[in-house]
Amino acid sequence: MGYVKKHYKIKSKSMKYDVTLQMFSRVNEIMEKNLSRWDGIAALRTIYDEFMKNYVKIKKLSEEQIKRPNTLINAKNKLLNQLVEKVIPVANVLEVYSTGRKKKDDKTVKISKNKLLKSKDSIILKKCQLVLRNSRKLFNKATKDAEKKITSPSKTNITDYGLTEGMINALEDICIKYKAESEQVGNKLKQELKIAEEIKNLVKKNNKLLQKKLDKLMIIFDSRDPEFYEIYQKSRGFVIAESGPGNSSTDNPKRTPQKRATTRRKRTSTVKQSVNK
């Protein structure tokens, strides 16, 4: 179903940023604990304040997402199962009744339980409403024939196949409930997608602030306060260079430890191939 796909799309986006948000948290913690070491630099304060403004927004939006459990989707899925339970018997009666008949009014759609469960809400409702409309029409016709005492041994009506007014009413009731629940879930997921997109943009802004500004300015502490600089680098997840200034991983902040490890493996493989040749 489309809503389920959207739901997992939102969840996958949230999971995608988990590592990045953990890094933001480490930077925030290190900068706050060592405030006296860097607070005198006005540019750093401005950049860090902007970073924190974005980070606070991200945390608030993330918490809002967490507070919204899957209750709506679960409730809708429960209604869908109830809808299937009600529509299949009615649809089967119509299918058997219409077999061999040429009248267009007697025809209905064939409904498969598995296909229905995998269909979009619009298709589910369209098929169920068609079954509901046809069954109601045929039942009303059978009722009128009975009132007029129109009977014939060779002629059968829909009630002879086990269809009752209670079955039709139950199907109509669950169709109304499912339609309302689907609209509610759809609106909710649209809001969730907007929030996920907003989080994505804020994460992008903060990564840019770190890579383009904060990392570049923090290098002044490489010689002024090496201990603080090393702590900052670790909070960012950089590999700490063993040699002196100029070899810091902040010279290329986009290269994460994982990428560096991959690069080392490639270099080792290249050396081995050269030796074998």
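In helix H5, the residues Lys76, Leu80, Leu83, Val87, Val90, Ala91, Leu94 and Tyr97 meet Asp121, Ile124, Cys128, Val131, Asn134, Ser135 and Leu138 of helix H7, where contact means heavy atoms within 4.5 Å. By class, this contact of H5 with H7 has 11 nonpolar, two polar and two charged residues; Ala, Val, Leu, Ile, Met, Phe, Trp, Tyr, Cys and Pro count as nonpolar, Asp, Glu, Lys and Arg as charged, and the others, Gly among them, as polar. This is a predicted model, in which local features need pLDDT of at least 70 and side-chain atom pairs count only at pLDDT 80 or more, while totals for chains, interfaces and linings use all residues. Residues are numbered from 1 along each chain as its sequence is written, and side-chain values use heavy atoms, with hydrogens and water left out.

Two packed helices are described by the angle between their axes and the distance between the axes. Helices (H or I, at least four residues) are DSSP runs numbered from the N terminus, and their axes are lines fitted to C-alpha atoms over the stretch in contact, with angles running from 0 to 180 degrees between N-to-C directions. H5 (residues 71-98) and H7 (residues 121-147) pack at an angle of about 45°, with their axes 10 Å apart. H5 and H7 are therefore oblique to each other, since angles under 35 degrees count as roughly parallel, over 145 as roughly antiparallel, 65 to 115 as roughly perpendicular and the rest as oblique. Their crossing is left-handed, a term used if the near helix is turned anticlockwise from the far one by less than a right angle.

H5 also packs with H8, at an angle of about 150° and with the axes 9 Å apart. That makes H5 roughly antiparallel to H8, and the residues of this contact divide into 17 nonpolar, three polar and five charged.

The axes of H2 (residues 18-33) and H8 (residues 165-218) come within 12 Å and cross at roughly 40°, which makes H2 oblique to H8. Among the residues in this contact, Phe24 and Val27 belong to H2, while Leu210 and Leu214 belong to H8. By class, the contact of H2 with H8 has nine nonpolar, three polar and no charged residues.

Which residues line the largest cavity? Its lining consists of Tyr97, Leu138, Lys141, Ala142, Asp145, Lys155, Thr156, Asn157 and Ile158, and H7 gives the most, with four residues.

Notes:
Helices (H or I, at least four residues) and strands (E, at least two) are DSSP runs, numbered from the N terminus. On a 1 Å grid over the protein atoms alone, a cavity is a set of points where a 1.4 Å probe fits but cannot get out, and a pocket is an open set with protein on both sides within 12 Å along at least five of seven lines; lining residues have an atom within 4 Å of a point.
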